[in-house]
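Hi there,

I am passing on a structure that I would like you to have a look at. Please open it first, and then read my notes below it.

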Amino acid sequence: MTIEREQHLRLLTAGAARGMRVVPFVNLSRQHEALWGDLDAAIASVFRRSAFIDGTELREFEDWFAEFCGVRYAVGVASGTDALEFALRALGVKPGDEVVTAANSFIATAAAITATGARPSFVDVSEDTGNVDPARLVDVMTARVKAVRAVVPVHLYGRPAPMAEIGAIARAGGAWVVEDAAQAHGALCGGRRVGSFGDAGCFSFYPTKNLGGAGDGGMVTTNDERVADAVRAWRNHGRTSGNHHVLLGRTGRLDNLQAAVLRVKAEFVEEWNARRREIAGWYRDRLPPAIRGFSDGPDVSVHHLFVVRVPDRVALRVHLQRKGVETAVHYPIALHLQPACRELGYKIGDFPVAERLAREVLSLPMDPFLSRADVNYVCDAIAEFYER
Ligand SMILES: *Cc1c(COP(=O)(O)O)cnc(C)c1O
């Protein structure tokens, strides 16, 4: 938990002490209470054998995850950011290459591209989905023929990006596709799991993700044995066996403790995702009609976040905080305008949709353990704000 969030939760706790209803943004404790016995046993079993790296827990969880995504290989790594970096490296992305991604993603997508030595370039998103706009992607690919080595669509907020279109455009331009599925474990695009469309798919098990560990973790999914082998080498000092190192790799493994915890929680991810969809439905039923959301289209979202677009966001957040409702913003600054990306040479106005979204998006509490009364309370508090 970040310090900022701890402070926020202290405020909420103070509200609760005064008898106020409090709706935290997420509540991991409730998720773990129900699983405590199983988690305890899984952790104890790793300690009993004191086998912490590259053991049966990792293998079992990788097998489960590959089957869950409908792919041949799943390779556990230390974080979602490592997953992206190793997948791009495994495909051969190198210094001087260009890799295109959505202008409204989390900073890690750009950081992973930069870590390979490649240059991130951005593409705008579509207004009603917040995901990569295929028409804009065509523009980028045409303008930068041959320079673009890979495209990294992001399944933002748990809602699948249009993979059929994006895949076709990328391949026509000779680029690989690496899905950033860090927010979308289990989401379906045209009936198929995300993470199974690209040359590789990348997941994060950061504790608050739809499937989250007790710390950091990540996974690369692929149907290509060479990509799987290369990611295995990258995560483990470039080792293929014993003291044989085929490249100067990294320490980027998913450890057995995390894998054991994740394997316990994995059994519930579908149930939790279904619950998230139900909660999204409650929000949509009750929010004032003036509040715009994003459409799911024909695909199956897993609602990692429930995001709406609101006027007067700062004042609304203050109002909600006073009411005991914790909110967040994903993300307040588009990637091309982040100080960290200054050297890429972009300017205000380059990606107007992403910039507009950065000003308007607001993430409401979303957690499989929210009650209908919690959701009604949040919606009523929002309605009250706009009626004033
Ligand atoms: C969480 C996240 C990541 C990074 O995952 P870590 O495990 O925190 O490194 C990358 N991309 C997106 C879209 C994310 O939400």
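This is a predicted model: local features need pLDDT of at least 70, side-chain atom pairs count only at pLDDT 80 or more; totals for chains, interfaces and linings use all residues.

Residues are numbered from 1 along each chain as its sequence is written, and side-chain values use heavy atoms, with hydrogens and water left out.

The ligand has 14 residues around it, and Gly80, Thr81, Asp180, Ser204 and Lys209 come nearest (a residue is near if one of its heavy atoms lies within 4 Å of the molecule). Serine 204 has one at 2.6 Å from a ligand oxygen, glutamine 183 has one at 2.8 Å from a ligand oxygen, and aspartate 180 has one at 2.8 Å from a ligand nitrogen. On its own the ligand exposes 370 Å², of which the protein buries 92% (Shrake-Rupley areas with a 1.4 Å probe). Helices α5 (80-91) and α6 (107-115) are the elements that give two or more residues to the shell (helices are DSSP runs of H or I, at least four residues, and strands are runs of E, at least two, numbered from the N terminus). By type, the shell divides into 4 nonpolar, 8 polar and 2 charged residues (Ala, Val, Leu, Ile, Met, Phe, Trp, Tyr, Cys and Pro count as nonpolar, Asp, Glu, Lys and Arg as charged, and the others, Gly among them, as polar).

Next, the charges. The structure holds 28 salt bridges (a side-chain nitrogen of Lys or Arg within 4 Å of a carboxyl oxygen of Asp or Glu). One of them joins glutamate 57 to arginine 49, with the closest N and O atoms 2.2 Å apart. Glutamate 57 is buried at 10% relative accessibility, whereas arginine 49 is partly exposed at 43% (buried means under 20% relative accessible area, exposed over 50%, partly exposed in between, with a 1.4 Å probe and protein chains only). Lysine 94 pairs with aspartate 97 at 3.3 Å; here aspartate 97 is buried at 7% and lysine 94 is partly exposed at 40%. Within helix α7 (residues 134-143), aspartate 139 and arginine 136 sit 3 residues apart, about one turn of the helix, and their side chains form a salt bridge of 3.0 Å, N to O. Salt bridges with shared partners also join Asp54, Arg59, Glu62 and Arg235 into one network.

Cysteine 379 belongs to helix α14 (residues 372-387) and is buried, at 1% relative accessible area. Leaving aside neighbours within four places in sequence, cysteine 379 contacts Tyr283, Arg286, Leu287 and Pro288 (contact means heavy atoms within 4.5 Å). The C-alpha atoms of cysteine 379 and proline 288 are 7.5 Å apart, although 91 residues separate the two along the chain.

Finally, the backbone. Most residues other than glycine have a negative phi, and most peptide bonds are trans. Histidine 330 and tyrosine 331, however, are joined by a cis peptide bond with omega about 5 degrees, and tyrosine 331 lies in the loop between α12 (313-322) and α13 (352-360). Lysine 146 has a positive phi near 75 degrees; this lysine 146 is in the loop between α7 and β4 (148-152). Aspartate 312 also has a positive phi, about 60 degrees, and lies in the loop between β12 (306-309) and α12.

Best wishes

Definitions and conventions:
A polar contact is a pair of N or O atoms within 3.5 Å; within protein, one must be able to donate a hydrogen and the other to accept it, and residues adjacent in sequence count only if both atoms are side-chain atoms.
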